[in-house]
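This report describes the pockets, strand pairing, disulfide and salt bridges of a predicted model. The sequence and structure are shown first.

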Amino acid sequence: MRHSSHTRTNGRHSLTGWKSQACLSALATALVLFAAPLSANPVQPQAILVSQAKGRETGLPVPRFVSLRSREARMRVGPSTDYGTEWIYKVTGLPFEITAEYGNWRQVRDSDGISGWMHRALLSSKRTALIGPWIASPVALRTEPASSARALAMLGARVRLGIRSCDGAWCNVEVTNHQVDGFIRQSALWGVYPTETIK
């Protein structure tokens, strides 16, 4: 089974700029998911500092992760519709990192390090993640939060996940568009910080 993992289109030139695919196949008792990393400069999330800055509009921590609410979202070069569109994102649930706030606009960064501005209405507080673009070998999705637990699937870079909870070391996740859930090491994810807890 193949499906488009996510799409980013260059708004100025109407080109497809960012696609990866995930493959799902049963191998004995395990599922294997692969997605080829396309970024030359993937961005790993940094550990959260104890004294985090607060957003000037919301008072929420900055930086913080959110996800795409809309099926199509324009990333602009500045915080207004007067600014041109740099990229168009076409996958609901794609994770973004908010790095600044200005009125109803949020400066966001994607997993490739591309940064721009989106209207807050396009973003959701629902947490999602990707298997990190820097991951060279598939990582195990396990039945329990332990390295000794049985592997349910091997997940390749950029596979999209819904986050249920994280304890700072492991996250309970579900594989987007597949009825597969389990635990994965938090350090393998883009969309959560390495020591962040999510309940």
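## The largest pocket

Strand 6 supplies the largest share of the lining of the largest pocket, namely 3 residues. The space in this predicted pocket comes to about 290 Å³. Its lining consists of 19 residues, and those closest to the centre are Leu 60, Arg 64, Val 66, Ile 98 and Ser 125. Two elements, strand 6 (64-68) and strand 12 (123-124), each give two or more residues to this lining.

By residue class, the lining of the largest pocket holds 9 nonpolar, 4 polar and 6 charged residues.

## The second largest pocket

In the second largest pocket the space is about 190 Å³. Of the 14 residues in its lining, Thr 92, Gly 93, Lys 126, Thr 128 and Thr 176 lie nearest the centre. Strand 6 and strand 16 (160-167) are the elements that give two or more residues to the lining of the second largest pocket; strand 16 gives the most, with 3 residues.

The lining of the second largest pocket divides into 2 nonpolar, 8 polar and 4 charged residues.

## Strand 6 and its partners

Strand 6 contributes to the lining of the largest pocket and to that of the second largest pocket. The strand is mostly covered, with 5 of its 5 residues buried.

Strand 6 runs antiparallel to strand 9 (residues 95-102), and 4 bridges join the two. Within this pairing, Arg 64 has Ile 98 of strand 9 as its bridge partner; both residues are among those closest to the centre of the largest pocket. Strand 6 also pairs with strand 12 in the antiparallel sense, over 2 bridges. There, Leu 68 stands opposite Leu 123 of strand 12.

## The disulfide

The whole structure contains 1 disulfide. It is formed by Cys 166 and Cys 171, whose sulfur atoms are 2.0 Å apart. The link of Cys 166 and Cys 171 is right-handed, with 110 degrees about the S-S bond.

Are the two cysteines, Cys 166 and Cys 171, buried or exposed? Cys 166 counts as buried because its relative accessibility is 6%, under the 20% cut-off. Cys 171 is likewise buried, at 0% relative accessibility.

## Salt bridges

Side chains of opposite charge can pair when their charged atoms come close. The count for this model comes to 7 salt bridges. One of them joins Glu 57 and Arg 56, with the closest N and O atoms 3.6 Å apart. Glu 57 is partly exposed at 40% relative accessibility, whereas Arg 56 is exposed, with a relative accessible area of 61%.

Arg 109 and Glu 97 meet in another salt bridge, at 2.6 Å from N to O. This pair links distant parts of the chain, 12 residues apart: Arg 109 belongs to strand 10 (residues 105-109) and Glu 97 to strand 9. Arg 109 is partly exposed, with a relative accessible area of 27%, while Glu 97 is buried at 6%.

## A salt-bridge network

Arg 164 and Glu 174 form a salt bridge in which the closest N and O atoms are 3.6 Å apart. Because Arg 164 lies in strand 16 and Glu 174 in strand 17 (residues 170-175), the pair ties together parts that are 10 residues apart in sequence. Both residues are partly exposed: Arg 164 has a relative accessible area of 40%, and Glu 174 has one of 35%.

Arg 164 and Glu 174 also belong to a network of salt bridges that includes Asp 181.

Terms used: Residues are numbered from 1 along each chain as its sequence is written. This is a predicted model: local features need pLDDT of at least 70, side-chain atom pairs count only at pLDDT 80 or more; totals for chains, interfaces and linings use all residues. Side-chain values use heavy atoms; hydrogens and water are left out. On a 1 Å grid over the protein atoms alone, a cavity is a set of points where a 1.4 Å probe fits but cannot get out, and a pocket is an open set with protein on both sides within 12 Å along at least five of seven lines; lining residues have an atom within 4 Å of a point. Grid points are joined across faces, edges and corners, and a volume is the space filled by probe spheres set on the points. Ala, Val, Leu, Ile, Met, Phe, Trp, Tyr, Cys and Pro count as nonpolar, Asp, Glu, Lys and Arg as charged, and the others, Gly among them, as polar. A disulfide is a pair of cysteine sulfur atoms within 2.5 Å. Buried means under 20% relative accessible area, exposed over 50%, partly exposed in between (1.4 Å probe, protein chains only). Two strands pair if DSSP finds at least two bridges between them. A salt bridge is a side-chain nitrogen of Lys or Arg within 4 Å of a carboxyl oxygen of Asp or Glu.
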